[in-house]
Amino acid sequence: MAEEPTDQTPPQFVPPPRDILPEVNTVTWADITASLKEGLADFRARPVMSGFFGLFYALFGIAMLWCLASLGKIWMIIPAAVGFPLVAPFAAAGLYEMSRRLQKGEAFGWGEILTVMAHQRKREMGWMAFVTLFIFWVWMYQIRLWLALILKDSSFSDFDGFLQIVFFTPPGWTFLAIGTCVGAFLSAVLFTVTVIAMPMLLDREIDFISAMLTSIQVVKENPVVMLGWAAVISVTVLASMIPAFLGLIVTLPVLGHTTWHLYTRAVQPA
């Protein structure tokens, strides 16, 4: 019996459908206020654990400035202190997980939160950490560049001398003006790509590019409210750093918890 011919043509490869970005919502000032209240409630619910993350962040900032002073890098102290809040979103990963579990009514302890944080190294959060640290590096490098170009003939023998030159001389004023503009631009860029992306990467399985694009979309569709939230974060964190970084023990956890709740309001659930 003759065998029927078989079709030897391989099936046509059909690429998988592209991931659709999560749908974003309109964010209002009422959402910011409500998220702040929920963030404060989360802090009150777990003050010791929340404060631990704030304390760790504060101690890291103190150690960083102490190392710079010990190495004689006086000129780096102010830029490092000003740029230090740029890495706050990544430092708040544990706070996002706490808020997520509190929101769902799940019980948790230190082990659960620290395990989730450790697990992030196997996920896309590591790439976002790279983005954050890269922008911080750009911030520090451009400060060094402007110091060399504008204050090249100045001597920074001590911290008081550095402050005197920067705040009371025309070249220092030029340096401050340019540094402020560049710093504001870098902060706006980092805020735009991370404000929603960081909690989203912890919450769902999504690549970091899609998370950044979603974060950009949220800011793009709600520019006034979101940039107002950025201003609140910047003023609060910088004010908290004045008393030797110790104010961050409270403000960083509250802002971290608040960011989680703002994310849940800004993006449709998975």
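Predicted model: local features only at pLDDT ≥ 70, side-chain atom pairs only at ≥ 80, totals over all residues.
Entry 1: Reading from the N terminus on, I noted the order of the elements as α-α-α-α-α-α-α-α-α-α-α-α-α.

**Entry 2: the whole chain.** I looked up burial next and saw that 44% of the 270 residues count as buried. Among contacts between residues at least 6 apart in sequence, 77% join residues at least 24 apart. The accessible surface comes to about 14900 Å², and carbon and sulfur atoms account for 69% of that surface.

**Entry 3: the core.** Which residues touch the most other members of the largest nonpolar core? I found Leu 65, Ile 196 and Met 226, in a core of 71 residues, and I noted that helix 7 (residues 125-150) gives the most to this core, with 9 residues. Leaving aside residues up to four places away in sequence, I listed Ile 77, Ala 80, Ala 81 and Phe 245 as what Leu 65 touches.

**Entry 4: a surface patch.** I then turned to the surface, where Trp 127, Phe 130, Phe 134, Trp 137, Tyr 141, Leu 145 and Leu 149 form a nonpolar patch with about 830 Å² of accessible area together. I checked one of these residues, Tyr 141, and placed it in helix 7.

**Entry 5: helix 1.** I followed helix 1 (residues 29-45) over its 17 residues and found that it reaches 24 Å from its first C-alpha to its last, close to the 24 Å expected at 1.5 Å a residue. Its buried residues include Asp 31, Ser 35 and Phe 43, and what covers the buried residues of this helix includes helix 2, helix 5, helix 12 and helix 13.

**Entry 6: salt bridges.** My search of the whole structure gave 6 salt bridges. In one of them Arg 265 pairs with Asp 31, with the closest N and O atoms 3.3 Å apart; this pair links distant parts of the chain, from helix 13 to helix 1, 234 residues apart. Asp 31 counts as buried because its relative accessibility is 14%, whereas Arg 265, at 27%, counts as partly exposed.

Entry 7: Is Glu 97 buried or exposed? At 2% relative accessibility, Glu 97 counts as buried, and Arg 100 counts as buried at 14%.

Methods:
Residues numbered from 1 in each chain as written. Heavy atoms only, no water. Core = buried A, V, L, I, M, F, W, Y, C linked by side-chain atoms within 4.5 Å. Buried < 20%, exposed > 50% of the residue type's maximum accessible area, 1.4 Å probe, protein only. Helix = DSSP H or I, 4+ residues; strand = E, 2+ residues; numbered from the N terminus. Contact = heavy atoms within 4.5 Å. Patch = residues over 30% accessible without salt bridge, like charges linked within 9 Å, V, L, I, M, F, W, Y side chains within 5 Å. Areas by Shrake-Rupley, 256 points an atom, 1.4 Å probe, with all protein chains shown as cover. Salt bridge = Lys/Arg side-chain N within 4 Å of Asp/Glu carboxyl O. Expected span 1.5 Å × (residues − 1).
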